[in-house]
Amino acid sequence: TECVSGCVCPEGLFDDGKGGCVQEKDCPCIHNNQWYSSGQKITVDCNTCTCQKGVWSCTGNVCYGTCMIYGSGHYITFDGKFYDFDGNCEYVAIQDFCGDKNSSGSFSIITENVPCGTTGVTCSKAIKMFLGKTELKLENKEYKEIQRDVGDDVVYWNRTVGLYLVIEASNGVMLIWDKKTTVFIKLSPEYKGKVCGLCGNFDDKSNNDFTTRSGLQEPNALKFGNSWKQSPMCPDVTQEIKPCDMKPHRKSWADKECSIIQSEVFKICHSKVDPAPFYEACVHDACSCDSGGDCECFCSAVAAYAQECAKAEACVFWRTPDIC
């Protein structure tokens, strides 16, 4: 209706978001608040996406899923659900025999959680991996193999990569352990929707990850976690532990140390992976590990965020002679 002062693009050209005008074929694309020009490629999981005329065009590979258990009871399921569960028992992290009585299942991974610190939070101390008739026990920075009488032969191989021990099996299961309290479980896509345990069901939907052992959907993380304990003798977890409330004198130290996650050091990652849940988990762990190993808990928590950043192609060099 009236003239407005400012800049517009000439007929047939488009605003490129950076103060210039381009033809439609050169329109940029946006991903996590960052602009990419036409023809640029990014990696999302195991797929490559190319910017074409302002729209992403991605390859259709089916990707491995990853579940992460770290620090004092933090879980990120295959479908990306974040939750905390502090149980003092052995729990099924993931297995592929779920409910269907006829399915024999080819693997299960059990995490043994024990108290770390005096506040009652728990960390994963040992991991048992059952592959067919082989049982592997990972504990005290090393692993033992035990042969059982029942089950199929599943071939596996192990290697050390940096700080991590990697065990890879021929059935598409991979376990990566930092020899302390962090474990990553990777599954090949054929397990989608066919697994169960604390890592969820790997069906690309995070809202149904809290499926109990009896197959019910449970809104509450504690009831869900309790259903996956291995021994009925273990006590149920009845309340969520808030270690910073119990140890308020550690809170300021925890806030100060963990602020690295929200600092400039990780700036390139903030738009790719939300730092908030990792920061909260870090403060929780830094408050709770109060009987030695407190720095180790803090370092594991920051490393968990750095690992997610690396997956999103934001490589961060955060370890220094002073930090971890």
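A: Start with Thr 212, which sits in the loop between S19 and H1. The model is predicted: local features need pLDDT of at least 70, side-chain atom pairs count only at pLDDT 80 or more, and totals for chains, interfaces and linings use all residues. Residues are numbered from 1 along each chain as its sequence is written, and side-chain values use heavy atoms, with hydrogens and water left out.

Q: Why is Thr 212 called buried?
A: Its relative accessible area is 9%. Buried means under 20%, exposed over 50%, and partly exposed in between (1.4 Å probe, protein chains only). Thr 212 is therefore buried.

Q: What does Thr 212 touch, not counting residues up to four places away in sequence?
A: Thr 212 touches Glu 218, Phe 224, Ser 227 and Trp 228. Contact means heavy atoms within 4.5 Å.

Q: What makes Lys 179 partly exposed?
A: Its relative accessible area is 26%. Lys 179 is in the loop between strand S18 (173-177) and S19. Strands (E, at least two residues) and helices (H or I, at least four) are DSSP runs, numbered from the N terminus.

Q: Which residues does Lys 179 touch, not counting those up to four places away in sequence?
A: Lys 179 touches Lys 141, Thr 160, Leu 163 and Leu 165. Lys 179 and Leu 138 are 7.9 Å apart in space, C-alpha to C-alpha, and 41 residues apart in sequence.

Q: Why is strand S8 described as largely enclosed?
A: 6 of the 6 residues of S8 (residues 65-70) are buried, so the rest of the structure largely encloses this strand. Gly 65, Cys 67 and Ile 69 point one way, and Thr 66, Met 68 and Tyr 70 the other way. All are buried.

Q: How do you know that S8 and S19 pair?
A: Two strands pair if DSSP finds at least two bridges between them. S8 and S19 have 5 bridges, in the antiparallel sense. Cys 67 stands opposite Ile 185 in S19.

Q: What makes S5 and S7 edge strands?
A: The order of the open sheet is S5-S6-S7, with antiparallel pairing. S5 (41-44) and S7 (55-58) each pair on one side only. The twist averages 35° from one strand to the next; axes are lines fitted to C-alpha atoms, for helices over the stretch in contact, and angles run from 0 to 180 degrees between N-to-C directions.

Q: How do you know that Glu 90 and Lys 128 form a salt bridge?
A: A salt bridge needs a side-chain nitrogen of Lys or Arg within 4 Å of a carboxyl oxygen of Asp or Glu. In this pair the closest N and O atoms are 2.9 Å apart. Glu 90 in strand S11 (residues 90-95) and Lys 128 in strand S13 (residues 122-131) are 38 residues apart. Glu 90 is partly exposed at 21%, while Lys 128 is buried at 18%.

Q: Why does the pair of Lys 133 and Asp 153 count as a salt bridge?
A: The closest N and O atoms are 3.7 Å apart, so the pair is within the cut-off. Lys 133 is partly exposed at 23%, and Asp 153 is exposed at 65%.

Q: How many salt bridges does this rule give?
A: The count comes to 13.

Q: What makes a nonpolar core?
A: A nonpolar core is a set of buried Ala, Val, Leu, Ile, Met, Phe, Trp, Tyr and Cys residues joined through side-chain atoms within 4.5 Å. The largest here has 44 residues. Ile 94, Phe 107, Ile 109, Leu 175, Ile 185 and Leu 187 touch the most other members. A second, separate core of 35 residues includes Tyr 164, Phe 278, Ala 303 and Trp 318. In soluble globular proteins, nonpolar side chains tend to be buried together.
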